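Could you walk me through this structure, step by step? I am new to reading models like this one and would like a friendly guide.

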Amino acid sequence: MIVALLTLEYITNFIARRCLQMDNDARQYAPSAARNRDPIWEVLKPHLPSRGLVLEVASGSGEHTVHFARASNSELIYQPSDPNPLARASIDAWAEASGLANIRPSIALDAAADVWPIERADVVICINMIHISPWSSTVGLMRGAGRMLPAGGLLFLYGPYRREGQHMAPSNEEFDRDLRRRNPEWGVRDLEGVADLASQSGFGPPAIAQMPANNLSLLFRRTA
Ligand SMILES: C[S@@+](CC[C@H](N)C(=O)[O-])C[C@H]1O[C@@H](n2cnc3c(N)ncnc32)[C@H](O)[C@@H]1O
């Protein structure tokens with residue numbers, strides 16, 4: 001009888017602890033981040049400095065930040081950001097759970113804003129934001145990255161693009177229609193338009209890497 005009661009108490013406490021953990025856990029899970037983080041890392045890794053500051057714009061759940069920070073030299077510091085407070089809570093929860101010392105607390109950064117809450121970075125990365133935000137966010141991203149980065153500094157973008165006015169696959173075209181239905185200001189952008197904007201902010205033409213699921217990585221370097 002005593003054993004049965006103790007077992008019951010143990011089980012009740014276990015369930016209560018799990019529920020509390022779930023209630024307090026702000027971590028969000030983005031299935032696309034789990035799929036694309038390794039292919040992105042393979043492209044990004046050779047271009048990163050061994051030390052310095054990586055600013056991530058639109059970190060979302062924070063899973064990329066943690067994945068990249070874990071795989072990086074501990075002297076390469078990551079600064080995640082997102083305008084959405086729920087995203088920032090998720091980023092900070094992932095960072096805390098990782099135990100990594102090279103991730104700073106997330107900051108509220110709206111790419112479209114004229115002033116950003118950070119002045120310098122050695123690298124700026126932005127994954128899957130350009131098509132899921134108004135064009136003004138891309139304009140702001142280019143201006144902000146142009147201000148942030150030193151000569152030679154890397155701006156890394158990842159997402160779907162049209163090339164010479166054409167979608168790269170029927171699935172991208174359908175995705176574009178869906179985005180525009182959800183918000184007429186969103187949509188898959190023309191690579192040439194994004195590169196044009198980048199050049200106005202002091203970047204050279206991008207190196208382009210074909211990625212899985214008809215996405216591209218674009219690597220822009222700040223010219224002197
Ligand atoms: C599709 S999610 C991508 C998140 C993450 N980078 C990923 O790939 O999993 C788009 C993110 O862009 C952020 N976002 C939208 N507009 C933004 C803006 N103007 N400035 C910065 N981030 C923005 C959203 O809050 C959201 O977290």
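Predicted model: local features only at pLDDT ≥ 70, side-chain atom pairs only at ≥ 80, totals over all residues.

Now turn to the largest nonpolar core, which has 43 residues. The members that touch the most others are Val57, Val123, Val124, Cys126 and Leu155. In soluble globular proteins, nonpolar side chains tend to be buried together. Take Leu155 as an example: leaving aside residues up to four places away in sequence, Leu155 touches Val124, Ala145, Leu149, Phe203 and Phe220.

Next come the strands. Strand 4, residues 154-159, runs antiparallel to strand 9, residues 215-221, and six bridges join the two. One of the bridge pairs is Phe156 with Leu219 of strand 9. Strand 9 also pairs with strand 8, residues 207-211, again in the antiparallel sense, over five bridges. Here Ala207 has Leu219 as its bridge partner. Strands 8 and 9 form a hairpin with three residues between them, and Ala213 in the turn has a positive phi of about 60 degrees.

Finally, look at an open sheet of three strands, ordered 6-5-7, with mixed pairing. Strand 6 (166-167) and strand 7 (189-190) are at the edges with a single partner strand each, so one side of each has no neighbour in the sheet. Strand 5, residues 161-163, is joined to strand 6 by two bridges, and the two run antiparallel. Within this pairing, Arg162 has His167 in strand 6 as its bridge partner.

Conventions. Residues numbered from 1 in each chain as written. Core = buried A, V, L, I, M, F, W, Y, C linked by C-beta atoms within 7 Å. Buried ≥ 20, exposed ≤ 12 C-beta atoms within 10 Å, placed from the backbone. Contact = placed C-beta atoms within 7 Å. Pairing = 2+ DSSP bridges. Helix = DSSP H or I, 4+ residues; strand = E, 2+ residues; numbered from the N terminus.
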